[in-house]
Amino acid sequence: MEGRRSRRDRRDYILSGSNDQSLLYGQAEHRSEHLITALDERWRPETHTFMFSEEEMTITLQNVGLITELPVNGAAVTGRSRHHWPSVCEALLGVVPTNNTIRGCYLKMIWLAEEFSQLLDDADQEVVERFTQAYILRVIGSLFSDTSASRVNLMFLPLLADLEEAGNYSWGGTCLAWLYRQLCKAINPKVMQMAGPLFVLQLWAWDRIIAVAPTLSNRVPHHDAPLDSRWSNTR
(Lines give C-alpha, C1' and ligand atoms only; values in the text may rest on other atoms or scores of the structure.)
Protein backbone atom coordinates (compact mmCIF):
# COMPACT_ATOMS: atom_id res chain seq x y z
CA MET A 1 0.00 0.00 0.00
CA GLU A 2 2.84 2.38 0.84
CA GLY A 3 4.43 1.80 -2.54
CA ARG A 4 1.15 2.41 -4.22
CA ARG A 5 0.65 5.70 -2.40
CA SER A 6 4.08 6.96 -3.36
CA ARG A 7 3.32 6.07 -6.95
CA ARG A 8 0.16 8.14 -6.76
CA ASP A 9 2.13 11.07 -5.33
CA ARG A 10 4.24 11.12 -8.49
CA ARG A 11 1.25 11.25 -10.81
CA ASP A 12 1.45 14.35 -13.01
CA TYR A 13 -2.24 15.19 -13.04
CA ILE A 14 -5.71 13.76 -13.28
CA LEU A 15 -7.61 14.61 -16.44
CA SER A 16 -11.29 15.50 -16.26
CA GLY A 17 -11.89 15.56 -20.00
CA SER A 18 -11.10 17.71 -22.96
CA ASN A 19 -8.59 20.56 -22.74
CA ASP A 20 -11.36 22.72 -24.21
CA GLN A 21 -13.25 23.73 -21.05
CA SER A 22 -16.07 25.34 -23.07
CA LEU A 23 -17.47 21.94 -23.98
CA LEU A 24 -18.47 20.86 -20.47
CA TYR A 25 -19.38 23.97 -18.52
CA GLY A 26 -17.62 24.18 -15.19
CA GLN A 27 -15.87 20.82 -15.46
CA ALA A 28 -12.61 22.36 -14.25
CA GLU A 29 -14.28 23.22 -10.93
CA HIS A 30 -15.92 19.81 -10.67
CA ARG A 31 -12.67 18.07 -9.95
CA SER A 32 -10.60 17.36 -6.89
CA GLU A 33 -7.43 15.42 -7.53
CA HIS A 34 -7.11 14.39 -3.90
CA LEU A 35 -10.69 13.10 -3.64
CA ILE A 36 -10.52 11.22 -6.95
CA THR A 37 -7.18 9.67 -6.02
CA ALA A 38 -8.58 8.60 -2.64
CA LEU A 39 -11.59 7.00 -4.32
CA ASP A 40 -9.38 5.28 -6.88
CA GLU A 41 -7.33 3.69 -4.09
CA ARG A 42 -10.55 2.18 -2.72
CA TRP A 43 -11.76 0.87 -6.08
CA ARG A 44 -12.08 -2.88 -6.47
CA PRO A 45 -12.25 -4.06 -10.11
CA GLU A 46 -13.65 -7.48 -9.12
CA THR A 47 -16.91 -5.90 -7.94
CA HIS A 48 -16.72 -2.41 -9.50
CA THR A 49 -17.26 -0.87 -6.07
CA PHE A 50 -15.49 1.46 -3.67
CA MET A 51 -14.54 -0.33 -0.44
CA PHE A 52 -14.89 1.79 2.68
CA SER A 53 -14.36 0.81 6.30
CA GLU A 54 -18.04 0.20 7.00
CA GLU A 55 -19.61 -0.42 3.60
CA GLU A 56 -19.08 -0.51 -0.13
CA MET A 57 -20.57 1.92 -2.63
CA THR A 58 -20.59 2.41 -6.37
CA ILE A 59 -21.84 4.68 -9.12
CA THR A 60 -24.95 3.30 -10.80
CA LEU A 61 -26.57 3.89 -14.16
CA GLN A 62 -29.27 5.88 -12.40
CA ASN A 63 -26.60 8.14 -10.87
CA VAL A 64 -25.10 8.83 -14.30
CA GLY A 65 -28.54 9.62 -15.72
CA LEU A 66 -29.29 12.11 -12.93
CA ILE A 67 -25.87 13.76 -13.10
CA THR A 68 -25.60 14.11 -16.87
CA GLU A 69 -29.15 13.58 -18.22
CA LEU A 70 -27.65 11.35 -20.87
CA PRO A 71 -30.10 8.63 -22.01
CA VAL A 72 -29.56 5.39 -20.09
CA ASN A 73 -31.96 3.27 -22.13
CA GLY A 74 -31.56 2.29 -25.74
CA ALA A 75 -29.13 0.49 -28.00
CA ALA A 76 -25.59 -0.22 -26.90
CA VAL A 77 -22.91 2.12 -28.23
CA THR A 78 -20.56 -0.02 -30.28
CA GLY A 79 -18.34 0.67 -33.24
CA ARG A 80 -15.54 -0.54 -35.43
CA SER A 81 -12.00 0.61 -34.84
CA ARG A 82 -10.88 -0.32 -38.34
CA HIS A 83 -11.99 1.93 -41.17
CA HIS A 84 -10.32 4.19 -43.66
CA TRP A 85 -11.01 7.11 -41.35
CA PRO A 86 -10.12 9.97 -43.73
CA SER A 87 -12.82 8.65 -46.08
CA VAL A 88 -15.32 8.40 -43.23
CA CYS A 89 -14.57 12.00 -42.24
CA GLU A 90 -14.99 13.15 -45.82
CA ALA A 91 -18.33 11.35 -46.16
CA LEU A 92 -19.84 12.59 -42.89
CA LEU A 93 -18.03 15.86 -42.16
CA GLY A 94 -17.37 16.91 -45.74
CA VAL A 95 -13.65 17.42 -45.24
CA VAL A 96 -10.54 15.26 -44.94
CA PRO A 97 -8.36 15.88 -41.85
CA THR A 98 -4.72 16.67 -42.48
CA ASN A 99 -2.18 13.90 -41.88
CA ASN A 100 -0.84 15.48 -38.71
CA THR A 101 -4.30 15.66 -37.08
CA ILE A 102 -5.31 12.02 -37.45
CA ARG A 103 -3.48 8.98 -36.08
CA GLY A 104 -5.06 5.59 -36.46
CA CYS A 105 -8.65 5.99 -35.30
CA TYR A 106 -7.92 9.11 -33.20
CA LEU A 107 -8.55 12.66 -34.38
CA LYS A 108 -7.31 15.85 -32.73
CA MET A 109 -10.25 17.81 -31.35
CA ILE A 110 -8.49 21.12 -31.97
CA TRP A 111 -8.85 20.38 -35.68
CA LEU A 112 -12.61 19.93 -35.25
CA ALA A 113 -12.84 23.19 -33.31
CA GLU A 114 -10.92 25.13 -35.95
CA GLU A 115 -12.48 23.51 -39.01
CA PHE A 116 -16.03 23.96 -37.71
CA SER A 117 -15.62 27.26 -35.92
CA GLN A 118 -18.20 29.41 -37.68
CA LEU A 119 -21.52 28.41 -39.21
CA LEU A 120 -22.75 30.84 -41.86
CA ASP A 121 -26.28 32.20 -41.52
CA ASP A 122 -27.26 30.95 -44.98
CA ALA A 123 -25.83 27.44 -44.51
CA ASP A 124 -27.96 24.65 -45.96
CA GLN A 125 -29.27 21.66 -44.00
CA GLU A 126 -26.35 19.41 -44.95
CA VAL A 127 -23.78 21.90 -43.65
CA VAL A 128 -25.76 22.43 -40.44
CA GLU A 129 -25.80 18.68 -39.84
CA ARG A 130 -22.04 18.44 -40.41
CA PHE A 131 -21.39 21.21 -37.88
CA THR A 132 -23.71 19.46 -35.45
CA GLN A 133 -21.90 16.13 -35.92
CA ALA A 134 -18.54 17.83 -35.39
CA TYR A 135 -19.69 19.52 -32.17
CA ILE A 136 -21.23 16.33 -30.77
CA LEU A 137 -18.03 14.48 -31.64
CA ARG A 138 -16.07 17.01 -29.57
CA VAL A 139 -18.43 16.53 -26.63
CA ILE A 140 -18.00 12.75 -26.96
CA GLY A 141 -14.25 13.28 -26.90
CA SER A 142 -14.65 15.21 -23.65
CA LEU A 143 -16.77 12.53 -21.98
CA PHE A 144 -14.83 9.54 -23.28
CA SER A 145 -11.38 11.06 -23.15
CA ASP A 146 -8.04 9.32 -23.15
CA THR A 147 -4.99 10.49 -21.24
CA SER A 148 -4.08 12.97 -23.98
CA ALA A 149 -7.30 14.93 -23.31
CA SER A 150 -6.98 16.22 -26.87
CA ARG A 151 -8.17 13.43 -29.18
CA VAL A 152 -11.46 11.70 -29.92
CA ASN A 153 -11.93 8.14 -31.12
CA LEU A 154 -13.49 8.21 -34.59
CA MET A 155 -15.35 4.96 -33.95
CA PHE A 156 -18.14 7.21 -32.61
CA LEU A 157 -18.48 9.24 -35.81
CA PRO A 158 -20.49 6.69 -37.87
CA LEU A 159 -23.02 6.58 -35.02
CA LEU A 160 -23.75 10.26 -35.74
CA ALA A 161 -24.58 9.70 -39.41
CA ASP A 162 -28.28 9.80 -38.51
CA LEU A 163 -28.65 12.43 -35.78
CA GLU A 164 -32.16 11.34 -34.92
CA GLU A 165 -31.06 7.73 -34.52
CA ALA A 166 -28.04 8.84 -32.46
CA GLY A 167 -30.42 9.90 -29.70
CA ASN A 168 -31.61 6.32 -29.31
CA TYR A 169 -28.29 5.02 -28.00
CA SER A 170 -27.55 4.49 -24.31
CA TRP A 171 -24.91 7.20 -23.97
CA GLY A 172 -25.33 7.14 -20.21
CA GLY A 173 -24.49 3.44 -20.13
CA THR A 174 -21.42 4.11 -22.24
CA CYS A 175 -20.36 6.91 -19.89
CA LEU A 176 -20.61 4.56 -16.89
CA ALA A 177 -18.74 1.75 -18.67
CA TRP A 178 -15.97 4.16 -19.71
CA LEU A 179 -15.64 5.45 -16.15
CA TYR A 180 -15.43 1.90 -14.78
CA ARG A 181 -12.76 1.09 -17.35
CA GLN A 182 -10.66 4.12 -16.44
CA LEU A 183 -10.94 3.36 -12.71
CA CYS A 184 -9.84 -0.23 -13.32
CA LYS A 185 -6.88 0.99 -15.38
CA ALA A 186 -5.85 3.55 -12.78
CA ILE A 187 -5.36 1.03 -9.97
CA ASN A 188 -2.28 -0.24 -11.80
CA PRO A 189 0.71 1.36 -9.99
CA LYS A 190 2.42 1.85 -13.34
CA VAL A 191 -0.39 4.10 -14.60
CA MET A 192 0.55 7.73 -13.99
CA GLN A 193 -2.51 9.45 -15.44
CA MET A 194 -6.25 8.96 -15.22
CA ALA A 195 -8.85 10.09 -17.72
CA GLY A 196 -12.53 9.65 -18.44
CA PRO A 197 -15.70 11.44 -17.25
CA LEU A 198 -14.23 12.21 -13.83
CA PHE A 199 -16.64 15.09 -13.24
CA VAL A 200 -19.29 12.36 -12.85
CA LEU A 201 -17.21 10.73 -10.13
CA GLN A 202 -16.64 14.11 -8.47
CA LEU A 203 -20.32 15.05 -8.37
CA TRP A 204 -21.38 11.59 -7.25
CA ALA A 205 -18.92 11.79 -4.35
CA TRP A 206 -20.16 15.23 -3.35
CA ASP A 207 -23.73 13.96 -3.33
CA ARG A 208 -23.03 10.70 -1.47
CA ILE A 209 -20.18 11.59 0.89
CA ILE A 210 -21.34 14.68 2.76
CA ALA A 211 -18.09 15.07 4.68
CA VAL A 212 -16.16 15.95 1.50
CA ALA A 213 -18.85 18.03 -0.20
CA PRO A 214 -18.78 21.82 -0.42
CA THR A 215 -21.75 23.84 0.75
CA LEU A 216 -24.56 24.02 -1.78
CA SER A 217 -25.37 27.56 -2.86
CA ASN A 218 -28.57 26.42 -4.56
CA ARG A 219 -30.32 23.20 -3.61
CA VAL A 220 -32.64 23.37 -6.62
CA PRO A 221 -31.23 22.46 -10.07
CA HIS A 222 -31.27 25.06 -12.81
CA HIS A 223 -34.29 25.00 -15.10
CA ASP A 224 -34.14 22.10 -17.60
CA ALA A 225 -30.70 21.14 -16.28
CA PRO A 226 -29.40 17.90 -14.76
CA LEU A 227 -29.92 17.38 -11.03
CA ASP A 228 -26.31 18.02 -10.17
CA SER A 229 -26.24 21.41 -11.90
CA ARG A 230 -26.93 22.69 -8.38
CA TRP A 231 -23.18 22.27 -7.77
CA SER A 232 -22.28 24.61 -10.65
CA ASN A 233 -21.36 27.59 -8.44
CA THR A 234 -19.37 25.68 -5.84
CA ARG A 235 -15.57 25.58 -5.54
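1. The model is predicted: local features require pLDDT of at least 70 and side-chain atom pairs count only at pLDDT 80 or more, whereas totals for chains, interfaces and linings use all residues. Residues are numbered from 1 along each chain as its sequence is written, and side-chain values use heavy atoms, with hydrogens and water left out.

2. An open sheet is built from three strands in the order β4-β5-β6, with antiparallel pairing. Strands are DSSP runs of E of at least two residues, and helices are runs of H or I of at least four, numbered from the N terminus; two strands pair if DSSP finds at least two bridges between them. Strands β4 (102–103) and β6 (151–153) each have a single partner strand, so one side of each lacks a neighbour in the sheet. Three bridges join β5 (residues 106–108) to β6, and leucine 107 has valine 152 of β6 as its bridge partner.

3. Most residues other than glycine have a negative phi. Histidine 48, in the loop between β1 (43–44) and β2 (49–51), has a positive phi near 55°. Glutamate 69, in the loop between α3 (61–68) and α4 (85–93), has a positive phi of about 60°.

4. Glu129, Asp162, Glu164 and Glu165 form a negative surface patch. Such patches comprise residues with over 30% relative accessible area and no salt bridge, like charges being joined within 9 Å and nonpolar side chains (Val, Leu, Ile, Met, Phe, Trp, Tyr) within 5 Å. A salt bridge places a side-chain nitrogen of Lys or Arg within 4 Å of a carboxyl oxygen of Asp or Glu. Glutamate 129 lies in helix α6 (residues 125–143).

Methods
Accessible areas come from the Shrake-Rupley method with a 1.4 Å probe; for residues, only the protein chains shown count as cover. Lys and Arg count as positive and Asp and Glu as negative; His and the chain ends are not counted. The place of a charge is taken as NZ of Lys, CZ of Arg, CG of Asp or CD of Glu.
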